[in-house]
Amino acid sequence: MYKWLSLLILSLLTFSAEAQSLGIPALNVSGGADDGQSYSVTLEILALMTVLTLLPAILLMMTSFTRIIIVLAILRQALGTASTPSNQVLLGLALFLSLFIMAPVLQQVNDKAIQPYIQDQVSAIDALKVATVPFKTFMLAQTRETDIQMFADIAGVESIDSPEATPLRLLLPAFVTSELKTAFQIGFMVFIPFVIIDLVVASVLMSMGMMMLSPLIISLPFKLMLFVLVDGWSLIMGTLASSFLVNA
């Protein structure tokens with residue numbers, strides 16, 4: 001451990017020395033207009049790389065990805081198809097459906113934060129503050145007030161002036177909690193028809209005295225046939241997308 005720590009410190013010192021020799025300030029914070037602050041390009045790149053490491057957490061915690069992947073996983077369990085569709089397929093479906101649902105939010109972030117920052121109209125800090133507004137609006141539309149109140153009570157926040165004033169430290173866990181509740185509610189409704197088929201098949205086999213035969217082997221074709229006949233994938237994907245768009 002100490003060996004790796006020593007190598008890390010040595011690398012940072014070497015990078016700093018090379019940057020200074022090239023005339024590139026490794027860390028430079030200077031006063032800006034209206035008592036603001038401006039940061040060197042090197043520091044902004046460091047902050048950008050830090051944000052990139054948080055992208056998986058942002059994808060899971062601030063978008064529709066959590067609800068979608070849980071419902072798809074429950075659907076696969078209800079069908080009884082083991083690893084079909086595979087995890088890669090489910091993750092791909094959840095990712096691209098999330099991009100479809102989050103497209104208006106991402107467009108607002110691009111128009112109001114990213115493009116002005118690229119054109120040097122706003123600072124990095126201001127662009128970050130503006131970029132959080134569309135995400136907060138999206139999360140507030142999907143979050144239950146009871147969940148926000150629960151985390152506010154835990155954090156000791158007595159009152160919140162308006163939903164838009166909810167701090168992210170309260171909104172993020174409340175949003176995830178609400179998404180988990182909604183995902184399991186949808187999953188429960190998806191599971192019921194397949195459970196009924198399993199019960200009917202098990203009862204028929206029991207009445208015929210075929211107790212050694214697994215009901216799952218017989219019920220699987222019927223569940224697949226039902227899912228195909230009702231155009232199940234379109235229903236699932238459409239229901240998941242509309243569950244966000246209606247509340248947005």
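Areas come from the Shrake-Rupley method with a 1.4 Å probe, and for residues only the protein chains shown count as cover.

A word on the model. It is a predicted one, where local features need pLDDT of at least 70, side-chain atom pairs count only at pLDDT 80 or more, and totals for chains, interfaces and linings use all residues. Residues are numbered from 1 along each chain as its sequence is written, and side-chain values use heavy atoms, with hydrogens and water left out.

Now the overall build. The protein chain has 10 helices and two strands, in the order α-β-β-α-α-α-α-α-α-α-α-α from the N terminus. Both kinds of element are DSSP runs numbered from the N terminus: helices are H or I with at least four residues, strands E with at least two. Out of 248 residues, 30% are buried; that label means under 20% relative accessible area, with exposed meaning over 50% and partly exposed in between (1.4 Å probe, protein chains only). The accessible surface is about 16000 Å², and carbon and sulfur atoms account for 71% of that. Looking at contacts (heavy atoms within 4.5 Å) between residues at least 6 apart in sequence, 66% join residues at least 24 apart.

Helix 5, residues 87-118, is not straight. A bend of about 60 degrees sits at Met102, and Pro104 follows within four residues. That bend is the angle between axes fitted to the seven residues ending there and the seven starting there. Buried residues of helix 5 include Leu90, Leu97, Ile101, Met102 and Val109, and their cover includes helix 4 (65-79), helix 6 (124-142) and helix 10 (232-245). Just past the end of helix 5, Asp120 has a positive phi of about 60 degrees.

Helix 8 (168-207) comes up again and again. Leu168 belongs to this helix and is partly exposed at 29% relative accessibility. Beyond its neighbours within four places in sequence, Leu168 touches Thr132, Lys136, Met139 and Pro173; its C-alpha is 8.9 Å from that of Thr132, 36 residues away along the chain. Met210, in the loop between helix 8 and helix 9 (215-229), is partly exposed at 34%.

Three salt bridges turn up, each a side-chain nitrogen of Lys or Arg within 4 Å of a carboxyl oxygen of Asp or Glu. Glu179 pairs with Arg67, with closest N and O atoms 2.6 Å apart. Since Glu179 is in helix 8 and Arg67 in helix 4, the pair ties together parts 112 residues apart in sequence. Both Glu179 and Arg67 are buried. Asp147 pairs with Lys181 at 2.8 Å, tying helix 7 (residues 145-155) to helix 8 across 34 residues. Asp147 is buried at 2%, whereas Lys181 is partly exposed at 36%. Asp198 pairs with Lys223 at 3.4 Å, linking helix 8 to helix 9 over 25 residues, and both Asp198 and Lys223 are buried.
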